[in-house]
Amino acid sequence: MPTKIEKDAVSGRDTTGHEWDGIKELNTPLPKWWIYTFYATIVFALVWVVLYPALPIRGATGVTGWTARGAIVDEMVERANQQAPMLNALRGATPQQIVADADLRNFALAGGRVAFANNCAGCHGAGGQGAPGGFPSLADDDWIWGGKLDQIRDTIRHGVRNTEDEAARATMMPRFLADGLLKPAQVNDVAEHVLGLSGRATDPAAAGRGAALFAENCASCHGERGLGNREMGAPNLADQVWLYGGDKAAVVHSIAYARAGVMPSWSTRLDPAVVNMLAVYVHALGGGEAE
Amino acid sequence: MGRIDPADRTAPPPEPSLYASRQKVYPRAVQGRVRRAKWAILAFCLALYYLVPWLRWERGPGMPDQAVLADIANARLFLFWIEIWPQEIYFLTGLLVLGAIGLFAATSLFGRVWCGFTCPQTVWTDLFMWVERKIEGDRNARMKLDAAPWSRAKLARKAAKHAAWLAIAAATGGAWIMYFQDAPTVTREILTGGASLETYFFFGLFTATTYVLAGWAREQVCTYMCPWPRFQAAMLDENSLVVSYRAWRGEPRGKAKAEGIGDCVDCRACVHVCPTGIDIRDGQQLECIGCGLCIDACDDVMRKLGRPAGLVAFETLANLAASEAATTGLAPGPVRQVCGMKARQPVRFSRPRTWMYAGVLGAVALVMLGAFLLRDTATLTVLRDRAPLYVRLSDGALRNAYTLKLANRRRGEAALALALDAPQGFRLVVQDSETDAAGRPLLALRPDGVTQWRALVTAPAGLRLAESTPVRFRLLDAEGRTVLSERSVFLGPK
């Protein structure tokens, strides 16, 4: 397509010889250093391909041996080294000591938040909100096994009714109907009495009959007035928090067939420092009890 | 390349190439009014650049005492008594907007004064050329030296020049670092080898760019790299004062003693002093940075010839056209000169364009000033916990949790009491806080920092609540006045 290179009358410059519909292009040459800079970037790219993994070919790893995964691992090791002194301190401290030290406490709260999200939130929900069907809220003030720092830590360490930890919290509630300890009518009466403990009985006569049965069968664990016993993991039946539902059908089911929530032992899975951080974090969710 | 030597117009067309070698420019030294102004501005700009990091400003214990400091590590920008936090970076944006509009306004009034007088590329190139002239001599000596074969003397001169350039470049790169780190400390660290790798990297980077851009690239930066010359034409109009050759007076050019010849004696002094190597007599062109050195060069020649100065001058295109029209047909000589100058109108600085720039400039400046004067010295942010939305307590009460963030830009220690505007019976507890005499939580403010608190609000059992109840957190000073307040909601079951 280039035609004739002419000198433009107005500017005194040459044209490139290109012409479109009578429009000719002036030649405005690029400085040579510009094109040399471009060549330099090509050389740079070639060097890059030799040094680093740049080609989508198996084995084209680059002579420096650099990998994205290796860089991440290096960074993780570096971060772990940075955290090591803090984690050592957390490992050796009691939860009370951690809470008393502002630096340790802040570290434990931040680390506990992450560890909780990774390990606990699956059952207990984000922020410890709990879930229906036996996953207790950790943000309220109702504790089955105790809400003090040490009690929370022990529950995390050993878990509840699991088979992997000798020290797991292990008490079981009898299945009053299934095991033949109570008859269906008696279960109904006890349920009415239990509802009455929180002021919700619908049948005063049945509740009255249930009181005696409750004293005989339940009070040894749940207490005479149903306030619960944390040593036994027997929940408070007189409050407004119901782990398995507080309507009559749910209470009847609990008495008849019992409930036995399970939680794994975490001392076998997590670093003691992480368990300590989790205890401090859970304690600070809003329901932690003072020493 | 736009530079065409008039002598080349008759030469046979060269073999066309899409790439051209750079024509090295050897600007000659020049004296005069514009040059003096340029030296003064150069001295001022360089002094500002090199000395500002050394200004001290007492800010109290634990705070940097450098007057101007961009503290990246601690995310603070210090400007004397002003302290900018990252979330206030729009002040910096506003300054850049002001700078851009100011540039447009200055260009529409006086042409490319920024390029010619204050642009760092021009200032440092001028400084480097001054050093070059001191070591290698003026234009002719430099051309001769470059053309001469390599010898010990030539090598010595070239080495001395590049050493001096590198020294200036290193000082420039070092000064740049000082805007980001404490100047005395980082200077000592750089000199003793104790600075961080990043510091040396940026020190080297800015040293190298200064050396390359001001020593080697020079006018190539303005012509090929800088976007500003490409669209400056949009700011210019026929009433802008730009460096112009008064062709109506100078043409036809020729020998001083020849008959019927204009005032231009074609001595090429204007071309020889030009830092971008162009001929101003070709008219407005992209490469002209508006430095006005050709004015000084031409005035000097005119004075020697006993002719009026101002053959090359800061002149508007409108006046050029008026003079041209008034002198058409007049023979060269004093009459033409007087008629042409008489036809000039006073420069119209007051134009819709300049008023618009002034208006926008004033509006942005006012908005920024207002925002700056009204900016809070402390801010309260309330984040409601979303998991759980609410907590049912054993006695049937409902509880919501909130994260309060208190950013305090003042430096004094202070504590503010937190009050809650909510329906009767709501209780407010802030974890880890002390309480004042009235039982309200006291939130300690960290000087120049952010503190975070977790507030628990409990609605008593039995209260009939809508799903969402508006609440308001208020921070009270010691006299009980509300300093800050922030709205939120209290959520309950549907």
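Here is a short chat on reading the folds and strand pairings in this predicted model.

User: Let's start with chain A. How many helices and strands does the secondary structure of chain A come to?

Analyst: Chain A has 11 helices and three strands. Reading from the N terminus, the order is β-β-β-α-α-α-α-α-α-α-α-α-α-α. The radius of gyration of chain A is 36 Å, whereas the globule rule gives 19 Å for 291 residues, so chain A is more spread out than a compact globule.

User: What box do the C-alpha atoms of chain A fill along the principal axes?

Analyst: Roughly 115 × 50 × 40 Å for the C-alpha atoms of chain A.

User: And what share of the residues of chain A count as buried?

Analyst: With buried meaning under 20% relative accessible area, the share is 36% of the 291 residues of chain A. The accessible surface of chain A is about 16500 Å², and carbon and sulfur atoms account for 59% of that.

User: How should I look at contacts and charges in chain A?

Analyst: For contacts, take pairs in chain A at least 6 apart in sequence: 53% of those contacts join residues at least 24 apart. For charges, chain A has 25 positive and 31 negative ones, and their mean positions lie 3 Å apart.

User: On to sheets, then. How do strands of a sheet pair?

Analyst: The general idea is that they pair through backbone hydrogen bonds, and the pairing is either parallel or antiparallel. In chain B, take the open sheet of five strands, ordered β12-β13-β10-β15-β16 with antiparallel pairing. Its edge strands are β12 (434-435) and β16 (482-491) of chain B, each of which pairs on one side only.

User: Which strands of chain B does β10 pair with, and over how many bridges?

Analyst: Strand β10 (residues 414-421) of chain B pairs with β15 (residues 468-476) of chain B over five antiparallel bridges. Four bridges, again antiparallel, join β10(B) to β13(B).

User: Which residues make up the covered face of strand β13 of chain B, and which the uncovered one?

Analyst: In β13 (residues 441-445) of chain B, Pro441(B), Leu443(B) and Leu445(B) form the covered face, while Leu442(B) and Ala444(B) form the uncovered one.

User: What links β12(B) to β13(B)?

Analyst: Two antiparallel bridges pair β12(B) with β13(B). Thr435(B) has Pro441(B) of β13(B) as its bridge partner. The two strands form a hairpin with five residues between them, and Gly439(B) in the turn has a positive phi of about 85°.

User: Which residue takes a positive phi in the hairpin of β2(B) and β3(B)?

Analyst: That's Ala75(B), with phi near 55°, in a hairpin that has four residues between the strands. The strands themselves, β2 (residues 68-71) and β3 (residues 76-79) of chain B, pair antiparallel over four bridges. Ala70(B) sits opposite Leu77(B) in β3(B).

User: How many bridges join β3(B) to strand β4 of chain B?

Analyst: Three, with β3(B) and β4 (residues 82-84) of chain B running antiparallel. Leu77(B) turns up again here, opposite Ile84(B) in β4(B). The hairpin of β3(B) and β4(B) has two residues between the strands, and Phe80(B) takes a positive phi near 50°.

Terms used:
Residues numbered from 1 in each chain as written. Chains lettered and ligands numbered in written order. Predicted model: local features only at pLDDT ≥ 70, side-chain atom pairs only at ≥ 80, totals over all residues. Heavy atoms only, no water. Rg over C-alpha atoms; globule rule 2.2 N^0.38 Å. Buried < 20%, exposed > 50% of the residue type's maximum accessible area, 1.4 Å probe, protein only. Contact = heavy atoms within 4.5 Å. Areas by Shrake-Rupley, 256 points an atom, 1.4 Å probe, with all protein chains shown as cover. Lys, Arg positive; Asp, Glu negative; His and termini not counted. Charge placed at Lys NZ, Arg CZ, Asp CG, Glu CD. Pairing = 2+ DSSP bridges.
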